[in-house]
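This report concerns the aromatic side chains of one protein structure. Please consider the sequence and the structure together.

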Amino acid sequence: MPPVPADPGPFPGAVDQVPPAVPGRSADPAAGQSREAGRLSGPLFRDEQSEAAVPGVTETVVLRAISDDVTPAPGRGAPPYPGAPVPPVPPPSHPAAGQPHFVPSSHPGQETPVAAQSTPQPQPRKQRGGRNLQAAIGVGVGLGVVIIASLFVVKALFLFVVMAAVSVGVWELTSRLAERKQIKAPLVPLVAGGIAMLATGYWAGVQWAAASLALTGLAVMVWRMVEPPENYLRDITAGVFTAFYVPFLATFVALMLAADDGPQRIVLFLIVTICSDTGAYAVGYKFGKTKLAPTISPGKTREGLAGGIGLSMLAGAVLMQLIIDGGSWWQGLILGGCAAVTATLGDLGESMIKRDLGIKDMGTLLPGHGGIMDRLDSLLPTAPVVWLLLAAFVGS
């Protein structure tokens, strides 16, 4: 039988020698069709077992290049001439991403391509702080609408907004204390006492608010007596701290609201505090290098603190001159600078509490912000400072 050409290939005259028939073996017509179609079959695949080699029979198959952009490396690919010895090539241990990977074939000079590994997709960038910025902006705008509407429609309505926020804040703080530290601060007397502090502060003055704080502490002590005496001192200490930290500090917001120009004072108080946070974030994000308190809040920088103080002072000077009766711009500078400092200290204080509890946020009520306490952290300690300065500058 005359020799049958296997593939014209790049070398003229290169042919395949058809091995003679071997007893016990039948010719495989599919192999010829597969070779004509340019496919690799049989032992060229890694998951198929090669047949036993017939002594004295060799076969040379010359294939076209797999693709135009793959250049055979030295020692790989077709031999320079049929029958030339091909040195063994060790398989690459780490093929480049996106490049074909070759494995040795049973035919001399040929290698079987393996599907190239897919290029890893880049991970989406996380937003700074892990916050959902769109949700945070939406919630902030919604809270602003509620505050403005309650302030300038019916002034006393804003007091009920503060009462609701304080009640939720007390619940968040006592819940986290119970979950993380097993501290059982009585919730009922704290919520009732907090509402009493706000109401007496608005309608009766600071003396009655202080008296309500004292009575709340006594109520916490009595309420806890129904439980076993173990950890009694720890629980009432946490209860008294909660009563002072959340509702009593919020009482100074009610005291500002009780003035004749109460809504304007609340707007001044809120804007200087928000400007402190915004200025600190913007300047710290762009220029922040020196950490302010790395063990408490690694994201805060001294440059950010300076930016927050500057923006808060600017807002205080403008608003004090424009919306506060009898106010002057220099008074607004002082008020804005003090408010920025206390807002930063309040934020750091809450960060200390959360680090001690091993949590990131006090709650999940406000998407993009966390809980109510995560928004009150800078407002609560700023309220008594702004109230005191306003009373000193323009009266209460």
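How many aromatic pairs does the count come to? The model is predicted, with local features requiring pLDDT of at least 70 and side-chain atom pairs counted only at pLDDT 80 or more, while totals for chains, interfaces and linings use all residues. Residues are numbered from 1 along each chain as its sequence is written, and side-chain values use heavy atoms, with hydrogens and water left out. Rings of Phe, Tyr and Trp (its six-membered ring) pair if their centres lie within 6.5 Å; planes under 30 degrees apart count as stacked, over 60 as edge-to-face and the rest as tilted. By this rule there are seven aromatic pairs.

Among them, Phe241 and Tyr245 are stacked, because their ring centres are 5.4 Å apart and their planes meet at 15°. Both residues belong to helix 6 (residues 232-257), four residues apart, or about one turn of the helix. Tyr281 and Tyr285 form a stacked pair as well, at 6.0 Å centre to centre and 15° between the planes. This second pair lies in helix 7 (residues 262-287), again with a spacing of four residues, about one turn. Helices here are DSSP runs (H or I, at least four residues), numbered from the N terminus.

Buried means under 20% relative accessible area, exposed over 50%, and partly exposed in between (1.4 Å probe, protein chains only).

| Residue | Relative accessible area | Class |
|---|---|---|
| Phe241 | 39% | Phe241 partly exposed |
| Tyr245 | 11% | Tyr245 buried |
| Tyr281 | 49% | Tyr281 partly exposed |
| Tyr285 | 52% | Tyr285 exposed |

Ring pairs also join Phe244, Phe248, Phe252 and Trp387 into a cluster.

How values were computed:
Helix = DSSP H or I, 4+ residues; strand = E, 2+ residues; numbered from the N terminus.
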